[in-house]
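Here is a short tour of the model shown below. Keep the viewer open as you read, and follow along from the interface to the individual residues.

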Number of protein chains: 2
Amino acid sequence: MVLTTLLLFLSVSPLVKPEMFTALVHMEKSIHAEKRLAKEIRSYVTKERERLNELERIANEYESHAESAMGDMHATLANPVSAFLLVKRFTTDWNDVLNKYMTPNNTNQFIASLPQLTEGFPSPEDLDGAAVALLRLQDTYVLPTDKVAKGEIKGVRYSPKMTAQDCFQLGKVAYSQGDYYHTMLWMKEALTILENETSKTIEKPIILDYLAYSTYMQGNWIHALNLTKEWLNEEPNHVRAQSNHDYYSKLIREAKENGKKDEELDVVNNPRQLDEYRQSEEFAKYEALCRGEETQVYPLAHKLTCQYKRHHPYFILRPLKEEIMYFDPWIAIYHDLMTESEVKRIQEMAGPRLHRSGVFVTEDNKSPTTNYRTSQRYLWCLLFLTFLLLHLTIFQ
Amino acid sequence: MVLTTLLLFLSVSPLVKPEMFTALVHMEKSIHAEKRLAKEIRSYVTKERERLNELERIANEYESHAESAMGDMHATLANPVSAFLLVKRFTTDWNDVLNKYMTPNNTNQFIASLPQLTEGFPSPEDLDGAAVALLRLQDTYVLPTDKVAKGEIKGVRYSPKMTAQDCFQLGKVAYSQGDYYHTMLWMKEALTILENETSKTIEKPIILDYLAYSTYMQGNWIHALNLTKEWLNEEPNHVRAQSNHDYYSKLIREAKENGKKDEELDVVNNPRQLDEYRQSEEFAKYEALCRGEETQVYPLAHKLTCQYKRHHPYFILRPLKEEIMYFDPWIAIYHDLMTESEVKRIQEMAGPRLHRSGVFVTEDNKSPTTNYRTSQRYLWCLLFLTFLLLHLTIFQ
């Protein structure tokens, strides 16, 4: 029983932790790439500046030449050498300038080198993943949107404050997944933050566009119409804004004709879309548990203990830290089973072998990652852990 | 007779003067264009510098972010807001940087605007014209190449000294017209000047390429071979240099087999290519006349006079300045027939109407200019001149 429980713990654990771990490896790669990129951008800037300095020198030379030559043309053209040099100046010499300094070659070359430089960067799919994780967390912990936007999440170090543009991007991910509940929340937050931004990180109309539409999709027609009017205030000639305005107006008119009252229509609802499982009591309990709420009272809780265990020579100098959680079935947590350096060593060795598991699709032989199957190949880790577990359990 | 002679003078005159005049108008346009161009280049440089400053700021921000984030990844990823912002940084934010600052748009736009900006610039054909004029002048006045290269031409203000690259370009025009005589002269001069240039205006091998070939074409095989060896010294792997080397070697070997002696082959001749007319005595006289040499003795020269003429009220305050040149037929020059300001006024009025005459080609309806027909449409000038001439002649 003990073994089963422990193995259960271990086989659940990789479903959560390695995701963080892969993200870590992935992000560390990105950070390395970022540093390299900074260096390359600077060397590109230097190269381009040299080109521009040369062009500026040429422009200055042109100007002073033009000014001195203007009043002097007769004398210049009288000497056929001067005349030849003057014509040459405007033909082959100018062509040389064109070919040497008036080209986007540096830029095009640099752009061509970027895919390789940013190879370690996360993909748009990763952005969606991070956004979904954030939204799920917001739901689970019932966090107010403005708190999240300030980065104030309990138990972890506060993050930088989100800009209006950050909120907008988060809302946009929600929008792209048909999640109008979060779209509404975050577009509203984007608007609020935008009001107070001294240097605007995004333009108002584009937020209003998304906000009005998600508001409409959540059933708030009058509010959607008002937001669209605000949008038209900013962009009176926007074609889609105009046609949306007309469409919402028509919907409201028809609803009124069908007997709906103003009070019924002029509300702002934002229902959370939940599938069957997420509407279940089990899911509610799971979320409550995540929040650290007690979902049931354990009458024997006062008898639960913690102790050091030294039942095998391996544990004499470093005893197991056992915390009993439940008596029947017997459940215990072993704290600090591995040292920090052991964890690190395993991560280092496993790192290069890790990639996100996928569902095998035979059609085009691609293996896409999915957001419901995120366990990792953890065979190697398991070998070491098995050793520990053997000592922990068999010699119990 | 007088009228005939005068009209002859006038109808010859446009063959020479208006060319200078058109060139003047043309060049003044170029100079105006040059000034505008200088301004536009500077504004392009400013725009590009702003882009680069922004990129540099971004690079610095990337570097400091990468350095501070590296040791801190665990804490960053523990907060899902930070994690989202980090992933966003490397996806949408980076894409914004790409689209906004990592583009050749400024450059491409500026390049696209250049044809209009440089509309007034002379064409490659004009360069050929100026080169041919210079070479013709060199021939006519029997000017040493090094004098011309120094811009030292008697009677006109000295021009700037020619660079090796200037000489090369002049030689190249000669080369393109199959004129190996001048090609040899000017490529040699280019080499000489190049030796003394501290910052080289052109590379040696390309001069040697042209010089060796024109030397060969002028019949100096051994010298051509030596020049090619010098070229191979600079560029040992140049394929054409190698095959030329072999070809010249073969020619020399065969010539020797056919009994030619070393002394016969090892000369440096540079015969001037002249067509039948240019070989005539008439042409020799024309060139001598240009040089101001006396081609015949006029026994009555001591009787020739200059006088003011006031034979009509129009000329009372401003008499004609008559210089008798010949008695039978009677030839005279009238000096200062028009004032400077009158000349200028005519030029100003005629300027916009002037273009080089062409030979009409029906095939593609284009009217190319040719270098043997350079007279201008001078109808308008003629009206005014006719008035003067009437007074000058009819009331004689």
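## The interface and its surroundings

About 7,900 Å² is buried between chain A and chain B, with carbon and sulfur atoms giving 74% of that area. Please bear in mind that this is a predicted model. The contact involves 88 residues of chain A and 89 residues of chain B. On the side of chain A, Glu34(A), Phe84(A) and Phe90(A) supply 9% of the area that chain A buries against chain B, more than any other three residues.

Chain A itself has 15 helices and 3 strands. Of its 396 residues, 39% are buried. Among contacts in chain A with a separation of 6 or more, 57% are between residues 24 or more positions apart.

| Residue | Relative accessible area |
|---|---|
| Phe110(B) | 7% |
| Gln218(B) | 9% |

Start with Phe110(B), which lies in helix α4 of chain B, residues 105-117. Why does Phe110(B) count as buried? Its relative accessibility is 7%, and the cut-off for buried is under 20%. Beyond residues up to four places away in sequence, Phe110(B) touches Glu40(B), Ile41(B), Tyr44(B) and Leu117(B), and also Met102(A) from the other chain. Tyr44(B) is 66 residues from Phe110(B) in sequence, yet their C-alpha atoms are 7.0 Å apart in space.

Next, find Gln218(B) in the loop between α9 (204-217) and α10 (221-234) of chain B. Gln218(B) is buried too, at 9% relative accessible area. Which side chain does the side chain of Gln218(B) join in a polar contact? The partner is Asn270(B), at 2.6 Å. Leaving aside neighbours within four places in sequence, the contacts of Gln218(B) include Asn269(B), Asn270(B), Pro271(B) and Gln273(B), as well as Tyr180(B), Tyr181(B) and Met184(B).

Helix α5 (residues 124-140) and helix α8 (residues 180-196) of chain B pack at an angle of about 90°, their axes 12 Å apart. The two helices, α5(B) and α8(B), are therefore roughly perpendicular to each other. From α5(B), the contact is made by Leu135(B), Gln138(B) and Asp139(B), while α8(B) brings Tyr181(B), His182(B), Leu185(B) and Trp186(B). By type, the residues of this contact between α5(B) and α8(B) divide into 4 nonpolar, 2 polar and 1 charged.

Key: Residues are numbered from 1 along each chain as its sequence is written. Chains are lettered from A and ligands numbered from 1 in the order in which they are written. This is a predicted model: local features need pLDDT of at least 70, side-chain atom pairs count only at pLDDT 80 or more; totals for chains, interfaces and linings use all residues. Side-chain values use heavy atoms; hydrogens and water are left out. Axes are lines fitted to C-alpha atoms, for helices over the stretch in contact, and angles run from 0 to 180 degrees between N-to-C directions. Helices (H or I, at least four residues) and strands (E, at least two) are DSSP runs, numbered from the N terminus. Angles under 35 degrees count as roughly parallel, over 145 as roughly antiparallel, 65 to 115 as roughly perpendicular and the rest as oblique. Contact means heavy atoms within 4.5 Å. Ala, Val, Leu, Ile, Met, Phe, Trp, Tyr, Cys and Pro count as nonpolar, Asp, Glu, Lys and Arg as charged, and the others, Gly among them, as polar. Buried means under 20% relative accessible area, exposed over 50%, partly exposed in between (1.4 Å probe, protein chains only). A polar contact is a pair of N or O atoms within 3.5 Å; within protein, one must be able to donate a hydrogen and the other to accept it, and residues adjacent in sequence count only if both atoms are side-chain atoms. Buried area is the accessible area (1.4 Å probe) that two parts lose on being put together, summed over both.
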